Amino acid sequence: LARIRKEVEDQAAKAATAATKVTLSAKDMPLKEVIAAFETQTGNKFIDNREQQGDAAAKDPRIDVALKDERFWPAIDQILDQAKLGVYSYGGKDALSIVTRDPADGARHSRAAYSGPFRIDVTEVQAERSLRQPKQKSLKLQLEVAWEPRLRPIAISQPAADLQASTDSGGRLAVAQPKANLDVEVPNGTQAAEISLPFKLPSRDVKRITVLKGKLHALVPGRQ
């Protein structure tokens, strides 16, 4: 019985932390109806906050999409790109807040990486050199980790030893603090957290980071 119980608990944990999927064929469908279908199929809730932003004339965009067993984040990113809308992840509720997208913002779908119920996006690259102390130099990558609103993680951590980054010159970026554990507590009502990844600044001939890999650890409550 103990072995059976452990197996059932393991299966329940995997099911609770797997990505939800969406199947939807829409032709000129109002965004509200598309969002309603997402909520029904995934259990993730949405809030339209465009009017609270001051966009009183916000229209309901029409969506054309064909999704079959697509994971939640790649699916919703395609919808938001088509509607030219964005997400605010710190609204204080267990729901994804839809907001007006800044005209300068790039596409969401082509920029992000997806892993299960998580959406991972590098939002900023910061290189620093001290002119007074030339040996003081660093490279930081700002990583945004978002999750499906239904998930409600308690904490997220990234062991620095699990980070790997390659450059266009064929070399690897060295981690600045290889023994560090980068921990982030997650307040209630948020759907994303930011982690600063520390690397040693490479030589000036490096123009691009071609590969970034890591292994995030998330503490997630099970199904109640």
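Let's start with a side-chain pairing: threonine 20 and glutamate 148 are joined by a polar contact of 2.7 Å (N or O atoms within 3.5 Å, one able to donate a hydrogen and the other to accept it; residues adjacent in sequence count only if both atoms are side-chain atoms). Bear in mind that this is a predicted model, where local features need pLDDT of at least 70, side-chain atom pairs count only at pLDDT 80 or more, and totals for chains, interfaces and linings use all residues. Numbering runs from 1 along each chain as its sequence is written, and side-chain values use heavy atoms, without hydrogens and water.

Threonine 20 sits in the loop between α1 (2-16) and β1 (21-30); helices (H or I, at least four residues) and strands (E, at least two) are DSSP runs, numbered from the N terminus. Threonine 20 is buried, at 14% relative accessible area (buried is under 20%, exposed over 50%, partly exposed in between, with a 1.4 Å probe and protein chains only). Leaving aside residues up to four places away in sequence, threonine 20 touches several others, including Arg71, Phe72 and Arg150 (contact means heavy atoms within 4.5 Å).

Phe72 takes us to α3, being one of the buried residues of that helix. Helix α3 covers residues 72-83 and reaches 17 Å from its first C-alpha to its last, close to the 16 Å expected (1.5 Å times one less than the number of residues). Because 10 of its 12 residues are buried, α3 is largely enclosed by the rest of the structure. Trp73, Ile76 and Leu80 are among the buried ones. After α3 comes lysine 84, with a positive phi near 55°.
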